[in-house]
Amino acid sequence: MKFRTGKEIRRLFIDFWGKEKGSHHYPSFSLIPNDPTLMFTIAGMVPFKSYYLGIRQPEHPSAVTCQKCVRTNDIENVGHTARHHTFFEMLGNFSWGGYFKKEAISGAWEFLTERIGLDPDRLYATVHEDDDEAAEAWRSVLPDARLRRFGESENYWFMGETGPCGPCSEIYYDRGEKYSCGSPTCGVGCSCDRYMEIWNLVFTQFDRQKDGSLTPLSRKNIDTGMGLERLASIVQGVDTDYETDLFLPLIEHTNSLGRSADPLAARIIADHVRSVAFMLADGVLPSNDGPGYVLRRLLRRAVRYGRLLGIGERGFLTSYIPILIDIMGDPYRELIDSRASIERIIEVEEERFGRTLNSGMEMFASAAKEGGVISGDVAFALYDTYGFPLELTLDMAEERGISVDRAGFEAAMTEQRERARAGSKHKKSALGGDVYTELESSISPTAFTGYDKTDGEARVVAIVRGRESVDSTAFPLVSEGVEVVLDVTPFYAERGGQVGDSGRIICGGVPFPITDVVPRGKLTFHRVRAGDMAPDCRLSVGDVVMAEVDADRRLAIRRNHTATHLLHEALIRALGSHVRQAGSLITDDALRFDYTHHEAMTPGQMREVEDVVNRAITDDLPVETAELSRDEARELGAKALFDEKYGERVRVVSVGGISETGAFSRELCGGLHVARTGEIGLFKIAREEGVGSGTRRILAHTGLSAVRRFQRLTELVGRLGALLSTDEAQLPEKTEALLEELKLARRRVEEAEQRDLAHSVEFALSNVGPVVLQTGRFANAKPDALRGIGDKAKGQHSPTVVVMASVSGDSCSLTVMADDAAVSIGADAGRLVKAAAAVLGGRGGGRPNMAQGGGKPDRLDEAIAGIGAALAEQIG
């Protein structure tokens, strides 16, 4: 068998089913599926799920893909076994009503034996026990001795409790006796490594009903999946996937960096780097939930394993990206296109986690010493304060042979979510969803004419009032929402960050105000404001109306939308190619633009961005649109939003001309824009701020809105100059001098208050073993003042623990401090405060030498007495 690289195997498979067998080749779809039931694309068939369910008609009768996939359900096995991965590539060929079992089986055999060169005598196949059709197809190439029949649990595939299903056939490769478990019954299906499953052919031919009965599908389908890494290990004659050329360069790089050898750590790092890089390339950003949490969890897990090898103190994961691009940049161009962004995000995340990793490890080590269980509170603190994913804490606990109180962790998480929920208000739509689904299935899609029109004649094809579709409705109706669907409309429906148009529809001379326009599927719903209309007004299905968009408001929206494209390009030029759009809101009043970046912009960078945008405006560049294929748009360098789903044809908006080689910017966009950039007039950033890890936000104005902002700023500077008796040039220096004076005055006041407090209280002294316990009570004392008093009190005795309680109204704060001598014999201020705060009905904690907490003052005496008793236990 000829040695082949992973790249060669991938290409052979695609060419075999594509060029030779006539299937359409789809490049790998995104790791983020267009499926709310899945977080990641977990198999090759996921992008085609709607075809199997009959929701959409296939664009081609058959297809071939090499699909990027992510699965994390077996993450604890990654590195420990030969073939568990979080990121993998699945080779698949698919047919919808085209070829079926005979062609799928003969094609699989031909590919494996003739194109790849596997020994035919080492191949085995399994079929469902009742699938004679598949068995007969196998008999044409395989002797009965190497054909096995199994039941439903082994050789049947279901999409769910109901729906498409069918038998499957699995292909196994006999790796030889040296991989056998030695059992006399060892054979296909054995859990040892001798017989390796390499390909699964699913024959989707039935529709399972609620009663369990099977109805034949009118269109029989094929869905196959074969792991590229697994096949590569056989072709390359190695024992594990990690020894193939898809992993080995990454592992060798780890070995060159590490100060100690650990094959497990090297495998885990290689696997996780692949996942992290591809997730980032597909637009996933680190966060605390959803796909972003999985990304952060894998990245931080890789960092920790790097530390175990003696690397990672200064960050090391970005050094793998050039190697990964060398291995997989062809065909995954997104790794190359997003390289700067991938490296920058990894760098910042690694640095951020590195700052808290040591502190978190100390906290974990301290908790691990106390017993065989890491409490839920400690696990939550590691997650919430130090950024340790729960799974990382579980990994570390397993290494030490202890467990984690997962129920306690979940309880703490639930409590945090409840607090967050209590602090926010959630609005629910007054309109239901079922009626919209019914309308979409019975009405033709709304035609949009608004790219070049602001008015036009249309016919009412549906009216939704409240939760029902009605034929006619009278006005006014204040309590119920009314939405109107037209057969054709110039109104832009809210999408892509751009708000919907407003305006009116006129029927029989009566204007019906439109306040908003929203898309639902392929229909456009016009929301009518009906509260101030005469009671005899009526709108009915079938009415012919004149639709009129508010043209002035639309023009303001156009200005802001084109300005977001200019801003996007300006940010890339000023900050780097890692910048990507992460969201936007485009209204008539302002624009809001979210982008990937990991630090606040400097004043100089903001000026540069404004200059680039305003220069493009004053150059009065043409803004052109064209409908192109995705490949054509990509060749032009058009930017795409990673969370958007695009069809085969896309609309490209080009500032500077579609055909011009030096165009200012090109983006995939379905929104409304000005004809020339000069129409924008002026651009001004109002605010730049952070909105999440690795994401920044800009609020900006254009046109007259920007002019008014300049006017307000000029007026404000004038008023400040008058108040401070200085001119504009001297304002910063005068303000800094005043602030410094204020700072000094406040410091003198705080020092005076601290002296007064120190003189007004006497600490009660008691001995707890060799430790002097000092207890003091205060009224309305600030934490900073208490810490200063505590520092002085520690200097009076040693070893000592200082307890300070401050009561203010119906709340009480506790500060406990321990000197080094007390800590050395077991005193722990953090645990003392935690126990005392619990008595007060509150929470608290901290380090062994200083901690704070609080609660209600009703049981303060009991809490302080408890500190003495707890201290006695600590020091034995």
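Predicted model: local features only at pLDDT ≥ 70, side-chain atom pairs only at ≥ 80, totals over all residues.
Visitor: What makes up the chain, in helices and strands?
Guide: The protein chain has 25 helices and 35 strands. Its C-alpha trace spans about 100 × 90 × 55 Å along the principal axes.

Visitor: How many of its residues count as buried?
Guide: The chain has 876 residues, and 49% of them count as buried. The cut-off for buried is under 20% relative accessible area.

Visitor: What supplies the area that the chain exposes?
Guide: The chain exposes about 41,000 Å². Carbon and sulfur atoms supply 48% of that area.

Visitor: How many charged side chains are there, positive and negative?
Guide: There are 105 positive and 128 negative side chains. The centres of the two sets lie 2 Å apart.

Visitor: What share of the contacts joins residues 24 or more positions apart?
Guide: Take the contacts with a separation of 6 or more. Residues 24 or more positions apart account for 67% of them.

Visitor: Let us go to single residues. Why is Thr 677 called buried?
Guide: Buried means under 20% relative accessible area. Thr 677 has 0% relative accessibility, so Thr 677 counts as buried. This residue is in the loop between β27 and β28.

Visitor: What does Thr 677 touch?
Guide: Leave out residues up to four places away in sequence. Thr 677 then touches Leu 566, Ala 616, Ile 617, Asp 619, Asp 620, Leu 621, Val 623 and Val 655. Val 623 is 54 residues from Thr 677 along the chain, yet their C-alpha atoms are separated by 6.9 Å.

Visitor: Why is Lys 522 called exposed?
Guide: Exposed means over 50% relative accessible area. Lys 522 has 57%, so Lys 522 is exposed. Its place is in the loop between β19 and β20.

Visitor: Which residues is Lys 522 in contact with?
Guide: Set aside its neighbours within four places in sequence. Lys 522 is then in contact with Glu 440, Pro 445 and Thr 446. Contact here means heavy atoms within 4.5 Å. Ser 441 is 81 residues from Lys 522 in sequence, and the two are 9.6 Å apart in space, C-alpha to C-alpha.

Visitor: What makes strand β24 largely enclosed?
Guide: Five of the six residues of β24 (residues 591-596) are buried, so β24 is largely enclosed by the rest of the structure.

Visitor: How do you know that β23 and β24 pair?
Guide: Two strands pair if there are at least two bridges between them. Five bridges join β23 to β24, so the two strands meet that cut-off. They run antiparallel. They form a hairpin with four residues between them. Ile 586 has Leu 591 of β24 as its bridge partner.

Visitor: Which residue in β29 stands opposite Asp 594?
Guide: Arg 697 stands opposite Asp 594. β24 and β29 pair over six bridges, in the antiparallel sense.

Visitor: How do you know that helix α3 is close to its expected span?
Guide: The expected span is 1.5 Å times one less than the number of residues. α3 has 16 residues, and 22 Å is expected. From its first C-alpha to its last, α3 reaches 21 Å, which is close to that.

Visitor: Which residues of α3 are buried?
Guide: Among them are Ala 104, Ile 105, Ala 108, Trp 109, Leu 112 and Ile 116. An α-helix has 3.6 residues a turn, so residues three or four places apart point the same way.

Visitor: What follows α3?
Guide: Gly 117 follows α3, and its phi is positive, near 90°.

Visitor: What is the phi of Ser 725, and is this residue buried or exposed?
Guide: Phi of Ser 725 is near 55°, a positive value in a residue other than glycine. Its relative accessible area is 63%, so with a cut-off of over 50% Ser 725 is exposed. Ser 725 lies in the loop between α20 and α21.

Visitor: Why is Asn 780 called exposed?
Guide: Its relative accessible area is 57%, which is over 50%, so Asn 780 is exposed. Asn 780 has a positive phi of about 55° although it is not a glycine. Its place is in the loop between β31 and α22.

Notes
Residues numbered from 1 in each chain as written. Heavy atoms only, no water. Buried < 20%, exposed > 50% of the residue type's maximum accessible area, 1.4 Å probe, protein only. Areas by Shrake-Rupley, 256 points an atom, 1.4 Å probe, with all protein chains shown as cover. Lys, Arg positive; Asp, Glu negative; His and termini not counted. Charge placed at Lys NZ, Arg CZ, Asp CG, Glu CD.
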